[in-house]
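User: I would like to learn how to read the features of a protein model. Please take them one at a time, with the general idea before the case.

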Amino acid sequence: MDSAVVIVPMGLGHLRQVLDLGHEVFDITTKPYTSWSLTSVAEHLDSPDNACWVALDSDRVVGFVLGSMEFENRDDWAYLEWIAVAPDMQGHGIARRLVDVCSEALFARGARRIVTDVEDRNAASTALMTRSGFLPAATVTLFVRPNPDDPEPDSQLDAAAIAPGTKRALIRRGRLAGDNHRAAR
């Protein structure tokens with residue numbers, strides 16, 4: 001564990017570095033539904049949940065976690081949505097510290113359960129969440145039907161590269177009407 005790194009609540013002054021680190025770390029090509037953006041970060045920062053934290057090495061943001069008390073229509077379940085650690089700082093226990101502090105804040109806000117999702121090929125995040133007390137709860141397989149009048153090259157439609165949690169993300173963003181289920185990926 002890197003003791004020089006401190007975990008503090010995320011503030012406006014961290015916004016640019018958090019956004020940049022997300023762009024550096026997240027591979028949105030494997031999760032085409034994911035919209036890592038200023039809006040994504042700002043919505044979390046603007047919530048009253050106190051569930052957004054950064055890991056600082058001096059004044060450099062080397063990691064962050066964004067959580068909220070918003071999961072489905074349940075006011076007693078929280079959502080740990082985004083977590084990232086700079087590649088040069090991985091392996092020092094920073095992600096675990098971020099998960100722990102975010103979880104503690106969400107439980108203090110009244111969460112009975114915290115839900116997170118991990119892309120099925122992300123072994124490091126799966127191990128982190130398991131070590132942090134999360135248990136697998138559900139799997140959703142996304143089925144894709146291409147438009148026969150507008151075919152994509154097979155290289156662009158790689159169903160294996162579309163995360164099983166896509167349904168949850170689409171529902172969260174209101175793209176699947178009439179369906180209220182989310183699942184861990």
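User: What share of the contacts in the protein chain with a separation of 6 or more comes from residues 24 or more positions apart?

Analyst: This is a predicted model, and every value below is computed from it. In the protein chain, 65% of the contacts with a separation of 6 or more are between residues 24 or more positions apart.

User: Which residue can show me such contacts?

Analyst: Take Leu-21, which lies in helix H1. Leaving aside residues up to four places away in sequence, Leu-21 touches Val-61, Val-62, Gly-63 and Phe-64, and also Ala-84, Val-85 and Ala-86. Leu-21 and Phe-64 are 43 residues apart along the chain, and their C-alpha atoms are separated by 8.6 Å.

User: Is Leu-21 buried or exposed?

Analyst: The limit for buried is under 20% relative accessible area. Leu-21 has 4% relative accessibility, so it counts as buried. For the protein chain as a whole, buried residues are 43% of the 185 residues. The chain exposes about 10,400 Å², and carbon and sulfur atoms supply 51% of that area.

User: In what order do the elements of the protein chain run from the N terminus?

Analyst: The order is β-α-α-β-β-β-α-β-α-α. That gives 5 helices and 5 strands.

User: How should I read aromatic pairs, and how many does a search of the whole structure find?

Analyst: Two quantities describe a pair of aromatic rings: the distance of the centres and the angle of the planes. The search of the whole structure finds 5 aromatic pairs. In one of them, the ring centres of Phe-26 and Trp-36 are 5.0 Å apart and the planes stand at 70°, so this pair is edge-to-face. The angle to compare with is over 60 degrees for edge-to-face.

User: Where do Phe-26 and Trp-36 lie?

Analyst: Both Phe-26 and Trp-36 are in the loop between helix H1 (15-25) and helix H2 (38-45), so the pair ties together parts that are 10 residues apart in sequence. Phe-26 counts as buried at 15% relative accessibility. Trp-36 is also buried, with a relative accessible area of 7%. Ring pairs link Phe-26 and Trp-36 with Phe-64 and Trp-82 into a cluster.

User: How many disulfides does the structure hold?

Analyst: The test is whether two cysteine sulfur atoms are within 2.5 Å. The structure holds 0 disulfides.

User: Which salt bridge links distant parts of the chain?

Analyst: Asp-88 and Arg-60 meet in a salt bridge with an N to O distance of 2.7 Å. Asp-88 is in the loop between strand S4 (77-85) and helix H3 (94-108), Arg-60 is in strand S3 (residues 60-68), and the two are 28 residues apart. Arg-60 counts as partly exposed at 33% relative accessibility.

Another salt bridge is formed by the side chains of Arg-112 and Asp-76, at 3.8 Å from N to O. Arg-112 lies in the loop between H3 and strand S5 (113-116) and Asp-76 in the loop between S3 and S4, so the pair ties together parts that are 36 residues apart in sequence.

User: Are Arg-112 and Asp-76 buried or exposed?

Analyst: Arg-112 is exposed, with a relative accessible area of 56%. Asp-76 counts as buried, at 17% relative accessibility.

Key. Residues numbered from 1 in each chain as written. Predicted model: local features only at pLDDT ≥ 70, side-chain atom pairs only at ≥ 80, totals over all residues. Heavy atoms only, no water. Helix = DSSP H or I, 4+ residues; strand = E, 2+ residues; numbered from the N terminus. Buried < 20%, exposed > 50% of the residue type's maximum accessible area, 1.4 Å probe, protein only. Contact = heavy atoms within 4.5 Å. Areas by Shrake-Rupley, 256 points an atom, 1.4 Å probe, with all protein chains shown as cover. Phe/Tyr/Trp six-rings, centres within 6.5 Å; stacked < 30°, edge-to-face > 60°. Salt bridge = Lys/Arg side-chain N within 4 Å of Asp/Glu carboxyl O.
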